[in-house]
Structure formats: structure tokens, C-alpha cells
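Here are a few notes to read with the model open beside you. Take them in any order you like.

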Amino acid sequence: MSVTATAPRRRRPLGAVAGVSLLALAATGCSGLGRTAVGPVTYTTERDAVVQVNSPSVRGCHRMAPAGAHEVENGTLVDVILYRTRDCTGRGTTYVPTRFSDVTAPDSGPWRSYSFVH
């Protein structure tokens, strides 16, 4: 005759299970809203002021300081496109991959806006 011992079943409080379920549902339901480019975009203006924008939205066009930027460091997890116009249009764009930086040529003029590749 063989005897098998079973461990007593532990009951989880219903409130804890419901709380974890609601938290998981909220996290997945809101994940598409307000997506950010995790990390900083740092740039130096033509007047040598350093501006850092932490985790900007990946959507839309981001204007830089009115003086523009001559040096940009992309510390985010998303690639950036730099523009010479304030509205992310036109020619003369520069592609800056994640974790890279770029400097303008002396006569090329400053960058004035940026957007993310997503």
C-alpha cells in the first residue's frame, strides 16, 4: 500500500488576484498612449546653451530653441531626424541613430527641429 502526501492548497486572497489582474490590464491597455523615446535628446544652441529634453514623445515634430542647434546627441532608444526648418520639413535633413551625436558643418546653419523614426 502506497501513501501519497499532498500539501495543503493555499488560497490567495481574491483582492490580491483581482488587483494584479487589473494592473496587468491597465498596463497593456495604455501602452500605446504617449509612447516616449526613452532617454535624453541633448543639444547645444548657436549661443552655446545646452538643452536636454528627457524622454520626449515619439510622435510629432519637436522644435528646438529659437537660435537652433549646432550639436545634437541622441541618447534615446529611437533614431532621430534633424531638420533645418522649425516644422520638420524640407531638405538638408540629418539622420542620427540611437546613442550617437552629430555636429553641423560651419556654414550649413543650425538645426531647428527634430522628429523620431518609428
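Leaving aside its neighbours within four places in sequence, which residues is T42 in contact with? Point 2 has the reply.

1. A word on the ground rules. This is a predicted model, in which local features need pLDDT of at least 70 and side-chain atom pairs count only at pLDDT 80 or more, while totals for chains, interfaces and linings use all residues. Residues are numbered from 1 along each chain as its sequence is written, and side-chain values use heavy atoms, with hydrogens and water left out.

2. Start with T42. Outside the four places on either side in sequence, T42 is in contact (heavy atoms within 4.5 Å) with V50, V51, Q52, E71, V72 and E73. T42 itself belongs to strand β1, residues 40–45. Strands here are DSSP runs of E with at least two residues, and helices are runs of H or I with at least four, both numbered from the N terminus.

3. One of those partners deserves a second look. The side chains of T42 and Q52 are joined by a polar contact of 3.3 Å. The term covers a pair of N or O atoms within 3.5 Å; within protein, one must be able to donate a hydrogen and the other to accept it, and residues adjacent in sequence count only if both atoms are side-chain atoms.

4. Is T42 buried or exposed? With a relative accessible area of 17%, T42 is buried, because buried means under 20%, exposed means over 50% and partly exposed lies in between (1.4 Å probe, protein chains only).

5. Now try A65, in the loop between β3 (62–63) and β4 (69–74). Its relative accessible area is 18%, so A65 counts as buried. Beyond its neighbours within four places in sequence, A65 has contacts with Y43, T45 and R86. A65 and S113 are 48 residues apart in sequence, and their C-alpha atoms are 8.6 Å apart in space.

6. For aromatic pairs, the rings of Phe, Tyr and Trp (its six-membered ring) need centres within 6.5 Å; planes under 30 degrees apart are stacked, over 60 edge-to-face, and the rest tilted. That rule gives one aromatic pair. The ring centres of Y114 and F116 are 5.8 Å apart and the planes stand at 85°, so the pair is edge-to-face. Y114 and F116 are both buried.

7. Finally, the whole protein. Of its 118 residues, 30% count as buried.
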